[in-house]
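Please load the model in a viewer and keep the selection tool at hand.

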Amino acid sequence: MAFDQEKDQFRVLGTRPDRPDGLDKVTGKARYGADMSASGMLHGAIVRSPHAHARIVKIDASKALAMKGVKAVVTRADFPDGQKGEDWNIMENCMAGERALYDGHAVAAVAATTPWLARDAAKAVEVEYEILPHVTDVDKAMQDGAPVIREGAANYSVPEGMHPNVVRFIEFGHGDVEKGFEEADVVMENSYTTEATHQGYIEPHACLAQMGSDGRGELWCCTQGHWFVRRMSAACLGIEVSKLRVTPSEIGGGFGGKTTVFIDPVALALSRKADRPVKIVMSREEVLRATGPTAAASMDVKIGMTKDGKMTAGKAVFRMTGGAFPMAPVDSALACAFACYDLENVQHEGYDVMSNRPKQAAYRAPGSPMAAFAVESLVDEMCRELKLDPLEVRLKNAAKEGTKSSAGPTYPRIGLVETLEAAKAHPHFTAPLGPNQGRGIASGYWMNWGGETSVSLALSEDGTVTVSVGTPDIGGSRASVAMMAAEALGVEYEDVRVNVVETGALGVNEPTHGSRATFATGLATIEAATQAKKTLCERAAAKWGIDAEAVIWEDGCAKPSGPNAGEFPPLSIGEICAKMGRTGGPISGHFEATPMGFGGSFGTHIVDVEVDPETGHTSVVRYTVVQDAGKAIHPSYVEGQFQGGAAQGIGWALNEEYIYGEDGRLQNPIFLDYRVPVASDLPMIDTVIVEVPNPGHPYGVRGVGETGITPPLPAIANAVADATGQRLRGLPVSPPKILAAIKG
Amino acid sequence: MSLVHVTTKVNGDEAEFLCEPRETLLDVLRDRLGLTGSKEGCGTGDCGACSVTIDGRLVSSCLVLGVEAEGKEIATIEGMAQGEALHPLQRKFIEHAALQCGFCTPGILVAAKSLLEKDPDPSEEDIRYWLAGNLCRCTGYDKIVRAVQDAAKEMREGV
């Protein structure tokens with residue numbers, strides 16, 4: 001399965017065909033989570049805590065239940081006990097037990113005949129709270145005397161004497177950092193912070209659940225991974241996993257935030273109780289208050305460097321809070337922190353801290369953007385101190401094939417140096433800057449992922465192809481999978497239809513996460529096509545009366561090959577399939593994989609900003625993304641990933657943040673106040689696709705989805721420092737902060 | 001709550017519905033008329049996913065009441081293509097890969113069509129400011145702006 005280094009000529013890969021779901025999506029026909037209805041359907045609404053931390057004394061739903069048209073109310077008492085580990089965390093997050101743990105935490109839910117009635121009924125549910133002290137700041141949550149979110153939540157890794165809110169401790173590294181710092185000419189150490197940001201997918205979570213009296217359930221929902229939804233929902237409801245069938249809708253963005261459940265178990269429980277289908281659609285306020293933002297981070301970084309720019313040692317100490325539950329992505333943040341550098345001496349420490357915030361969910365390269373902000377900012381500061389070119393310093397220290405990575409394993413073939421060289425050669429890098437403008441560069445990394453994957457490929461009677469995949473298509477993966485199938489089979493792209501199928505149709509598939517869909521689903525599709533080709537060759541061999549080994553598959557046809565094969569005209573896929581019923585039955589391919597050869601993707605970004613000295617407002621005036629794609633299957637959608645990642649990173653750097661008041665309530669839970677970049681905030685985003693083939697994929701593919709959000713955070717901060725002379729070490733670098741820094 | 005009878009026109013066809021006075025035009029389109037192409041991304045007029053036109057004027061249908069449709073002409077994404085013939089904007093969005101998840105796409109197409117009816121030759125800045133009320137979280141807007149520019153060019157040149 002190794003990458004075919006010799007094959008650099010592709011027929012389909014690298015072209016830009018129309019995506020198969022394009023027509024439905026430009027005409028309004030595509031069906032997303034909220035677009036489905038069912039006979040007798042009720043509408044659900046959720047009662048949420050207005051307090052950051054409170055004991056639930058009493059829930060009285062009698063007034064709600066007395067309303068005409070209200071059919072059911074559920075609380076935690078309607079779910080079984082006994083979930084363990086992360087299942088318990090998910091259950092507790094979907095429906096609070098004894099305490100509400102954050103502003104917006106679900107405490108009850110109602111089902112009624114109309115959406116408006118359901119909302120009215122939710123307001124009529126009376127909840128008596130005993131307000132408890134709260135903490136939302138990561139550093140304060142670790143201090144003596146901070147309110148304890150949950151006793152006994154810490155795992156074995158946490159050293160004695162830490163606050164109970166510290167639930168995991170991570171430590172790793174290699175070499176001797178103290179020795180490394182002694183060898184340096186300059187050692188700098190600074191602290192950096194990033195606020196929580198939300199994935200901000202435009203489609204709020206939505207689902208339609210139906211649970212029969214026979215204990216079987218059906219669920220339609222917008223998700224990145226319906227097998228995850230099935231397992232998590234079954235655990236919350238206390239049913240066997242296979243009793244539930246989950247069908248994914250089209251998905252209106254996810255970015256990691258739709259890899260878990262929030263409303264699905266609640267809708268199923270309401271449906272079970274009311275014995276009718278129940279639809280729940282979140283409001284934007286609910287999305288921001290009660291679905292996973294990413295973690296907030298407080299980070300210390302120390303780097304040693306010689307006068308000529310050689311890094312001698314690096315140390316990162318990160319503290320992150322992912323809300324009232326464990327699993328802030330501090331481990332992956334640390335693994336990415338120094339990933340770009342060939343460091344002899346490196347040390348990492350991480351603290352996973354609980355606080356009264358919503359349960360974090362994955363957000364595009366979880367942890368890596370924060371880590372890059374801290375490390376790439378400090379590298380830039382040191383380059384300025386030593387008057388060195390920041391790109392040359394990165395090239396001098398760049399990790400490459402054979403480097404022992406900061407996370408431990410030795411790198412296989414990677415493309416960091418190639419992205420740095422391409423950035424250096426790009427006209428943007430040397431273009432003149434105007435008044436009040438500054439330029440920043442930064443690199444970033446995501447390790448990517450393989451994951452459990454199951455794919456079926458079936459040939460039709462006319463030789464056209466259907467591929468059944470389990471990874472929901474968020475950004476064009478049906479197109480890229482169809483292209484790989486067409487390439488492998490030697491058929492036209494238009495003759496392949498890719499369907500994202502429900503949980504009953506395939507073995508377990510992990511979600512579309514970790515930049516894995518085009519890599520892993522693509523790999524399994526190519527292998528399934530290989531099986532189908534073998535059968536096609538056998539059918540041709542039988543017809544010709546020769547050995548199957550004497551038949552090859554080429555250009556979508558079986559052909560005799562070798563000295564003793566004989567002379568036969570090629571048999572096309574259509575000709576063979578037309579007779580498959582009489583020559584041995586259906587022809588298909590199926591492949592299960594958990595591929596480990598996911599090659600990491602590095603990127604380097606260049607950004608020019610202009611800072612208004614009167615207002616502190618930062619405009620992004622030019623932006624260039626350079627990233628390694630391994631092999632770009634559909635270049636337009638690779639560019640789209642680069643551009644979308646950059647835009648989200650720019651938002652994180654400049655505007656976006658979770659703002660909590662003294663009362664622990666989220667102050668900006670609508671898009672007016674949680675401001676994601678709009679069209680007039682951004683310039684065109686130039687892209688350069690670098691292709692350093694991944695040896696772990698038949699066509700050299702690397703996942704490209706996540707790396708692009710990583711460099712913008714430090715690149716923008718570095719550009720602002722270049723423009724203003726002021727180094728801001730806390731994101732977002734919003735106008736008031738910049739103005740305060742400029743005015744001193 | 002008593003329901004109000006409303007008579008209106010949607011995408012050229014006569015339409016009648018009953019709704020509560022508090023229901024938004026978006027609620028009515030989606031839940032009463034079965035036109036789910038218009039999306040709710042925020043419900044506060046900030047994201048533009050519910051963009052439609054009323055008597056030719058671009059609005060966020062989540063900020064309009066259903067009863068306000070009385071006697072008006074509503075145009076939604078479902079009426080943008082003429083039969084099988086896509087509007088140039090729809091074709092160019094597919095061709096330029098100007099959508100990823102596609103959730104914001106109906107609203108952006110309706111808004112962009114409204115722009116090109118007012119200004120057949122908008123600058124990049126014109127397009128960016130006109131579409132500033134339509135959030136897209138996937139694309140970074142680059143390919144959207146290019147698709148609108150290309151569609152405008154094609155419509156001007158009448159190709």
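How many residues of chain B are in contact with chain A, and how many of chain A with chain B? The contact joins 43 residues of chain B to 42 residues of chain A, two residues being in contact if their C-beta atoms, placed from the backbone, lie within 7 Å.

The model is predicted, with local features requiring pLDDT of at least 70 and side-chain atom pairs counted only at pLDDT 80 or more, whereas totals for chains, interfaces and linings use all residues. Residues are numbered from 1 along each chain as its sequence is written, and chains are lettered from A and ligands numbered from 1 in the order in which they are written.

**Stop 1: the chain B side of the interface**

Select α2 (88-95), α3 (105-118), α4 (124-130) and α5 (142-157) of chain B, the elements that give two or more residues to the side touching chain A. Helices (H or I, at least four residues) and strands (E, at least two) are DSSP runs, numbered from the N terminus. The largest share, four residues, comes from α2(B). By class, this side of chain B has 22 nonpolar, eleven polar and ten charged residues; Ala, Val, Leu, Ile, Met, Phe, Trp, Tyr, Cys and Pro count as nonpolar, Asp, Glu, Lys and Arg as charged, and the others, Gly among them, as polar.

Within helix α2 of chain B, select Lys92(B). Is Lys92(B) buried or exposed? Lys92(B) counts as buried because 26 C-beta neighbours lie inside 10 Å; a residue is buried with 20 or more other C-beta atoms within 10 Å of its own, exposed with 12 or fewer, and partly exposed in between, the C-beta atoms being placed from the backbone. Leaving aside neighbours within four places in sequence, Lys92(B) is in contact with Ala147(B), Asp150(B) and Ala151(B). A distance label from Lys92(B) to Arg146(B), 54 residues along the chain, gives 8.8 Å between C-alpha atoms.

**Stop 2: chain A as a whole**

Chain A contains 20 helices and 26 strands. Its radius of gyration is 27 Å, close to the 27 Å of the globule rule for 744 residues, so chain A is as compact as a globular protein of that length; the radius is taken over C-alpha atoms, and the rule is 2.2 Å times the number of residues to the power 0.38. Along the principal axes, the C-alpha atoms of chain A fill a box of roughly 85 × 75 × 50 Å. Buried residues account for 60% of the 744 residues in chain A.

**Stop 3: a covered helix**

Select residues 330-337 of chain A, helix α10, in which eight of eight residues are buried. Among them are Asp331(A), Leu334(A) and Cys336(A). The buried residues of α10(A) pack against β7 (166-174), β14 (311-321), β15 (346-353), α11 (368-386) and β16 (437-446) of chain A.

**Stop 4: the seven-stranded sheet**

Select the strands β3-β5-β1-β12-β9-β10-β11 of chain A, which in this order form an open sheet of mixed pairing. Two strands pair if DSSP finds at least two bridges between them. The edges are β3 (70-74) and β11 (244-248) of chain A, each with a single partner strand, so one side of each is left without a neighbour in the sheet. Within the sheet, β9 (residues 206-211) and β10 (residues 217-221) of chain A run antiparallel and are joined by five bridges. Ala209(A) stands opposite Leu219(A) in β10(A).

**Stop 5**

At the boundary, 14 residues of domain 1 of chain A are in contact with 14 residues of domain 2 of chain A. The elements giving two or more residues to the domain 1 side are α15 (477-489) and α16 (517-544) of chain A, and α16(A) gives the most, with five residues.

Finally, select β19-β18-β17-β23 of chain A, an open sheet of four strands in that order, with mixed pairing. The edge strands are β19 (496-500) and β23 (588-593) of chain A, each pairing on one side only. Strand β17 (residues 453-459) of chain A pairs with β23(A) in the antiparallel sense over six bridges, and Val455(A) has Phe591(A) in β23(A) as its bridge partner.
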